[in-house]
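Here is my note on the model you sent.

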Amino acid sequence: MSLASCLFVAIGGAIGTLARYLISVAALPFSQNLPWSTIGINILGSFVIGLFGTLTLAHGRYPVSENLRLFVMVGLCGGFTTFSAFSLQTLDLIRSGAIVRAAINIAASVILCVAAVALGHLTVSYTHLRA
């Protein structure tokens, strides 16, 4: 671990965090009953990490430096995705007695985020096979 690697992660994290905040504020009108902004952010972040992670592997289509992978995958995606927020919002739904909405939040977040990672991976894998 070098100072440069730490800076790449920190800068990526700052950008990802700001993007998450801006999207969350913009989505407030749509997030009255369920935290749709958090679900959407987690889906998008999962897709990006699956796509970028596969595309930029050392043996991938577009290999990049380890620092750039750290910037995007650890910093940007780590600051952008909101699993801790998801967990807190789910607990709040449970504590308020909204068990069904909490279950929907859990199922939608987990299933759609795993699907988004797979879609990101398959997008690169498929296009890599065609090239």
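1. Terms and basis. Buried means under 20% relative accessible area, exposed means over 50%, and partly exposed lies in between (1.4 Å probe, protein chains only). This is a predicted model, in which local features need pLDDT of at least 70, side-chain atom pairs count only at pLDDT 80 or more, and totals for chains, interfaces and linings use all residues. Residues are numbered from 1 along each chain as its sequence is written, and side-chain values use heavy atoms, with hydrogens and water left out.

2. Overall build. The protein chain has five helices and zero strands. Helices (H or I, at least four residues) and strands (E, at least two) are DSSP runs, numbered from the N terminus. Along the sequence the pattern reads α-α-α-α-α. The C-alpha atoms fill a box of roughly 50 × 35 × 25 Å along the principal axes. Of the 131 residues, 32% count as buried.

3. Contact range. Contact means heavy atoms within 4.5 Å. Take the contacts in the protein chain with a separation of 6 or more: residues 24 or more positions apart account for 70% of them.

4. Helix α1. The expected span of a helix is 1.5 Å times one less than its number of residues. S5, G12, G13 and G16 are buried in α1. The buried residues of this helix pack against α3.

5. Helix α3. This helix covers residues 66-80, so its 15 residues should span 21 Å; the end C-alpha atoms are 19 Å apart, in agreement. Its buried residues are R69, F71, V72, G75, C77, G79 and F80. Their cover includes α1 (3-26) and α2 (36-55). G78 also sits in α3, but G78 is partly exposed, with a relative accessible area of 45%. From G78 to T90 is 12 residues in sequence and 19 Å in space, C-alpha to C-alpha.

6. The α2/α3 packing. The two helices pack at about 170 degrees, with axes 9 Å apart. Axes here are lines fitted to C-alpha atoms, for helices over the stretch in contact, and angles run from 0 to 180 degrees between N-to-C directions. Angles under 35 degrees count as roughly parallel, over 145 as roughly antiparallel, 65 to 115 as roughly perpendicular and the rest as oblique. The α2/α3 pair is therefore roughly antiparallel. On the α2 side, I41, L44, G45, V48, I49, F52 and G53 meet L68, R69, V72, M73, C77 and F80 of α3. By class, this contact has 10 nonpolar, two polar and one charged residues. Ala, Val, Leu, Ile, Met, Phe, Trp, Tyr, Cys and Pro count as nonpolar, Asp, Glu, Lys and Arg as charged, and the others, Gly among them, as polar.

7. T56, between the two helices. T56 lies in the loop between α2 and α3. T56 is buried, at 3% relative accessible area. Which residues does T56 touch, not counting those up to four places away in sequence? They are Y62, P63, V64 and R69. The T56 and R69 side chains are joined by a polar contact of 2.7 Å. A polar contact is a pair of N or O atoms within 3.5 Å; within protein, one must be able to donate a hydrogen and the other to accept it, and residues adjacent in sequence count only if both atoms are side-chain atoms. A polar atom of the T56 side chain also lies 2.6 Å from the backbone oxygen of F52.

8. T81 is in the loop between α3 and α4 (83-95). At 23% relative accessibility, T81 counts as partly exposed. A polar atom of the T81 side chain lies 2.8 Å from the backbone oxygen of C77. Leaving aside neighbours within four places in sequence, T81 is in contact with R20, I41, N42, G45 and S46.

9. S37 is in helix α2 and counts as buried at 10% relative accessibility. Beyond neighbours within four places in sequence, S37 is in contact with I23, S24, A27 and S31. I104 is in helix α5 (residues 99-130) and is partly exposed at 41%.
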